[in-house]
Structure formats: C-alpha cells, structure tokens
Amino acid sequence: MRRPGRVMSLINVENLSVRYGANTVLRHVGLTVEPGEIVTIVGPNGSGKTSLFRAIIGATEPAAGRVTLKPGLRIGYVPQRLHIDPTLPITVGRFMRLGDRVRRQDCVTALDAAGVPDMLKRQMSQLSGGQFQRVLLARALIARPEILLLDEATQGLDQPGSAAFYRQIETVRAETGCAVLMISHELHVVMSASDRVVCLNGHVCCEGTPAVVASAPEYRALFGTGTGGALALYRHDHDHDHSHDHMHGQEAAE
C-alpha cells in the first residue's frame, strides 16, 4: 500500500508477462521508475528488453500483469535508429518541427540541451552518427518530458561517442530533473551513468545499484566475472574524467 505523501512512481510494471503466439518472452516482470532516476535495463539478445519497452509505451498488449503510468506522464522517446533518405533535403530545424507546432526557440533550447547547438540549418544527411542521435534526443526533449526512454540509442556509435552521449544524458537529467529508462548493451559505459540497473533474461534476474548487480551471481552467469568487476569499478569512480580514462583503458585491454 502506498504511504500517504509518497511521490507517485512514473512507471510501475507489475507481474508483466508478454507472449508472441506460443512464445513467452517475458514472465512475471516487475519494474518501477521513480522521478529523476536513471534506470538501465541490460540483458542478452532475446531477453525481452524491447518487448518490455513496447509494453510500457502501449505498443504491445500484456498477456498478464499490468503497466501503470503516472497520469498525464510526458514521455520522450529516443529510438535505436531512424533512417532518413540521404538524398532528402531536410534541415535539422525542419526535422525538429515535423508533425508538431514547435516554436523555433524551443528547437534552439532543445538542441542546446542535447549538446548540439547551432545546428538548425545543417542538413540531416550531413550529420555524424553522434550528432544525429543527439538531434533525436533534442526532438524528444522539446515536449519537456518527465521521463526519457532510450532503446539502445547509441547503436552504431563507437565507444568514445557512446560514452559522450551517456554523459550528455546525465547532464540532461541534472539540468531538467527528468528520469531516464534506457536499454543498452554497452555494459562498461552505462554503469557509470545509472542509479539502478535491471538485469533481464525473460524475467528479472537481479536488480539494484550498479555495484550490487555487477557482483550478483545471476549477472555474472550472463556476462562474466571480469566484466562485473570492471562495472563495479566504474560505478565507484563516478568522476566523468576519470571514468572516461578507465573506459579507454579497458577498451585497450580488450
């Protein structure tokens, strides 16, 4: 029972199961996201991460359980990838205003928050991979979301580009107070940017702070003990500059 005066969770997933035909991809999953926190979902391919996201945004009907969103919750969604025909002449400013009545100043503010200022007149086809993802982030920020959903938003970026993107997400959280729920396969990067980690493999194997999850037997069975130790180190040393140096060191070691 919710205690009087407690702030309502932004997302509350209770005993969720998802099936596609005879195939059960999620079984009895529970998850909450509280205001202002960064929660990362990790798990091997086929573990149901994207199915969980689809259930949260209402694109997939649960076979059992339920998803409850805070009434009127404003969600910003950053997809894994978005293909735009490179021959299509569309500027960043035009892309930012597609489908909505958006003021130019709102676009400028969102691009600045995403770390790509002064890009309104750039052609989308001329952006680097990192710039493109930050423009997608900026578009999600226009609605001033209470929570950002990121579905492997750094897919295809190199490791330094991914690390920079996640540091930008931390900056956005610090400046706007929005919560973040993200799926990522880049374990050595996301741990330093997460308050809480949920390890998924058809069900919730383990969850908690990055240090707790990194040392959990269920996590180590999926990802190995070497990676787990490194992840605990990243979370412990949360200074951005030091964390960035550690990540380069691990990448060289691998």
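**Close-up views of a predicted model**

View 1. Glu-152 is buried, with a relative accessible area of 11%, where buried stands for under 20% relative accessible area, exposed for over 50% and partly exposed for the range in between (1.4 Å probe, protein chains only). This is a predicted model, in which local features need pLDDT of at least 70 and side-chain atom pairs count only at pLDDT 80 or more, while totals for chains, interfaces and linings use all residues. Residues are numbered from 1 along each chain as its sequence is written, and side-chain values use heavy atoms, with hydrogens and water left out. Glu-152 lies in the loop between S6 and H5, helices (H or I, at least four residues) and strands (E, at least two) being DSSP runs numbered from the N terminus. Although Glu-152 is not a glycine, its phi is positive, at about 45°.

**View 2. His-28, a residue with positive phi in a strand.** His-28 belongs to strand S2 (residues 23-33) and, without being a glycine, has a positive phi of about 55°. With a relative accessibility of 56%, His-28 counts as exposed.

**View 3. Strand S7 and its neighbours.** All five of the five residues of strand S7 (residues 179-183) are buried, with Ala-179, Leu-181 and Ile-183 on one side and Val-180 and Met-182 on the other. Strand S3 (residues 38-42) runs parallel to S7 and is joined to it by four bridges, two strands being paired if DSSP finds at least two bridges between them; within this pair, Thr-40 stands opposite Met-182. Strand S6 (residues 147-151) is also parallel to S7, through five bridges, and Asp-151 has Ile-183 as its bridge partner in S7. From S6 the chain passes through helix H5 (residues 159-176) to S7 in a right-handed β-α-β crossover, meaning that, with the strands pointing away from the viewer, the path from the first strand over the helix to the second runs clockwise.

**View 4. Helix H1 and the glycine after it.** Helix H1 (residues 49-56) is largely enclosed by the rest of the structure, because six of its eight residues are buried; these are Lys-49, Ser-51, Leu-52, Phe-53, Ala-55 and Ile-56. Just after H1, Gly-58 takes a positive phi of about 85°.

View 5. Counting a side-chain nitrogen of Lys or Arg within 4 Å of a carboxyl oxygen of Asp or Glu as a salt bridge, the structure has eight. In one of them, the closest N and O atoms of Glu-14 and Arg-66 are 2.7 Å apart; since Glu-14 lies in strand S1 (residues 11-20) and Arg-66 in strand S4 (residues 64-69), the pair ties together parts that are 52 residues apart in sequence. Glu-146, which is buried at a relative accessible area of 15%, forms a salt bridge with Lys-70, with 2.8 Å between the closest N and O atoms. Glu-146 also meets Arg-74 in a salt bridge (3.8 Å, N to O), and this pair links the loop between H4 and S6, which holds Glu-146, to the loop between S4 and S5, which holds Arg-74, 72 residues apart.

**View 6. Cys-199 and Cys-206.** The structure holds zero disulfides, a disulfide being a pair of cysteine sulfur atoms within 2.5 Å. The sulfur of Cys-199 has its closest cysteine sulfur in Cys-206, at 4.3 Å, which is too far for a bond. Cys-199 counts as buried, at 0% relative accessibility.
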